[in-house]
Amino acid sequence: MTRRILIIEDTPTIAKVQKHIAVSSGYAADIAGSLAEAKALVSQNQYFCAVVDFILPDAPNGEAIPCTIKAEIPTIVMTGNLDSQTRETVEKYPIIDYITKENKQAYQYLKRQLQRLPRNESVQVLVVDDSRQTRRYVSALLERHKYQVLEAGDGQEGLDVLQKHPDISVIITDNEMPIMSGVELCGEIRRLYSNDDKAIIGISGSNTSHLSARFLKNGANDYLRKPFNAEEFYCRLSQNVDMLDNIATIRLQANTDYLTKLPNRRYFFEQTTKTLKSRAVKQQNSTLAMIDIDHFKSINDQYGHDAGDDVLSALALTFNKFFEDDLEARLGGEEFAIFFQQGSIEDNLEQLELFRQYLDSNSVSLTPHKIHFTISIGFVSMVEQKIDALLKAADVKLYDAKEQGRNRIIN
């Protein structure tokens with residue numbers, strides 16, 4: 001479902017730029033050139049958010065802001081001049097942000113905000129504070145930016161909530177709390193999770209010197225003194241969530257094959273090694289299949305490398321249909337592997353055979369070049385601690401499959 005944004009702006013050139021930014025960020029955009037037009041559109045549509053000009057022909061003093069706020073539309077205010085009186089008027093309302101139309105940077109910042117809002121819907125934030133009033137205030141700030149919010153009344157309760165909701169990305173914690181202080185909570189969280197996994201923002205109303213340093217030394221990523229400015233709070237929060245996103249992107253790139261989007265050799269080795277050792281200790285078999293596209297060099301020679309890439313990508317998508325509960329990877333070139341997480345040997349072999357038959361019958365329809373391709377499979381199941389040894393054993397079976405005519409499974 002495409003999110004819809006309302007742009008309230010009376011200058012056509014600026015409205016055009018804002019609409020371009022919104023559309024490029026994935027929104028469907030409506031433009032109102034006056035407060036009257038805005039009211040009509042609000043009455044007719046549901047909006048994910050709004051960008052509102054402070055000065056309009058029929059709303060010279062920010063009267064358009066309550067129009068969207070009363071309709072519970074998250075609102076970004078843009079203004080050509082943010083003097084003290086304008087700032088005072090703007091800050092009376094629970095808006096997302098206000099941006100001055102000073103230069104190109106303002107519109108780049110607007111784009112970042114519009115891209116963050118949909119992302120925030122999947123970001124869980126835990127607020128830990130023994131003051132219910134403070135918890136609700138911070139939670140209201142977060143909900144305004146569409147974050148998923150959870151609350152806890154002390155450090156121990158915070159750990160309990162974190163255990164129940166491991167997908168929490170950010171923890172915002174007060175320091176002065178019963179049972180466990182915020183600084184102690186930071187230390188406990190860092191014992192369980194690294195800075196790459198979760199961000200912690202400490203807050204406190206205490207005048208104690210060096211409290212910020214204590215928070216940071218115990219694992220916090222940031223610190224704010226109460227009462228804090230909402231604008232600064234949002235900036236620091238966004239920076240920490242952006243940091244986690246960047247780390248996740250780097251991890252994904254490091255562990256994913258660029259073409260097929262399957263896990264790469266490195267990730268496959270890391271993940272299987274952990275399971276192999278555990279299973280070997282219990283004398284349990286580990287089951288693996290090596291898969292190779294038959295005559296792949298001929299495909300590249302006849303149709304070109306772009307067509308070969310399409311075949312590799314089509315095979316990867318088919319993996320996801322047949323083996324969604326198992327670990328697949330592209331080991332390199334046209335070689336792939338499946339490490340089975342569950343099921344008996346018979347079940348795994350049956351699934352592989354269905355997979356092989358599906359490709360033999362349907363591969364022509366999987367790429368724009370209508371290329372028929374088949375696969376050969378080597379299958380092993382044995383007690384083994386080292387992934388290299390398991391792959392070598394499967395590779396021997398794969399070689400046998402090639403020697404016996406291809407398009408078959410050897411186990």
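User: Which exposed residues are on the face of helix 7 turned away from its buried side?

Analyst: Those are Gln163 and Lys164. Exposed means over 50% relative accessible area, buried under 20%, and partly exposed in between (1.4 Å probe, protein chains only). Helices are DSSP runs of H or I with at least four residues, and strands are E runs of at least two, numbered from the N terminus. This is a predicted model, where local features need pLDDT of at least 70, side-chain atom pairs count only at pLDDT 80 or more, and totals for chains, interfaces and linings use all residues. Residues are numbered from 1 along each chain as its sequence is written, and side-chain values use heavy atoms, leaving out hydrogens and water.

User: Got it! And which residues of helix 7 are buried?

Analyst: In helix 7 (residues 155-164), they are Gly155, Gly158, Leu159, Val161 and Leu162.

User: New topic: how many salt bridges are there?

Analyst: The count is 24, taking a side-chain nitrogen of Lys or Arg within 4 Å of a carboxyl oxygen of Asp or Glu. One of them joins Asp242 and Arg116 at 2.7 Å, N to O. Asp242 is in helix 10 and Arg116 in helix 5 (residues 104-120), so this pair ties together parts 126 residues apart in sequence.

User: Is Arg116 buried or exposed?

Analyst: Arg116 is buried, at 12% relative accessible area, while Asp242 is partly exposed at 22%.

User: Where is Thr256, by the way?

Analyst: Thr256 sits in the loop between helix 10 (230-255) and helix 11 (265-281), and this residue is buried at 19%.
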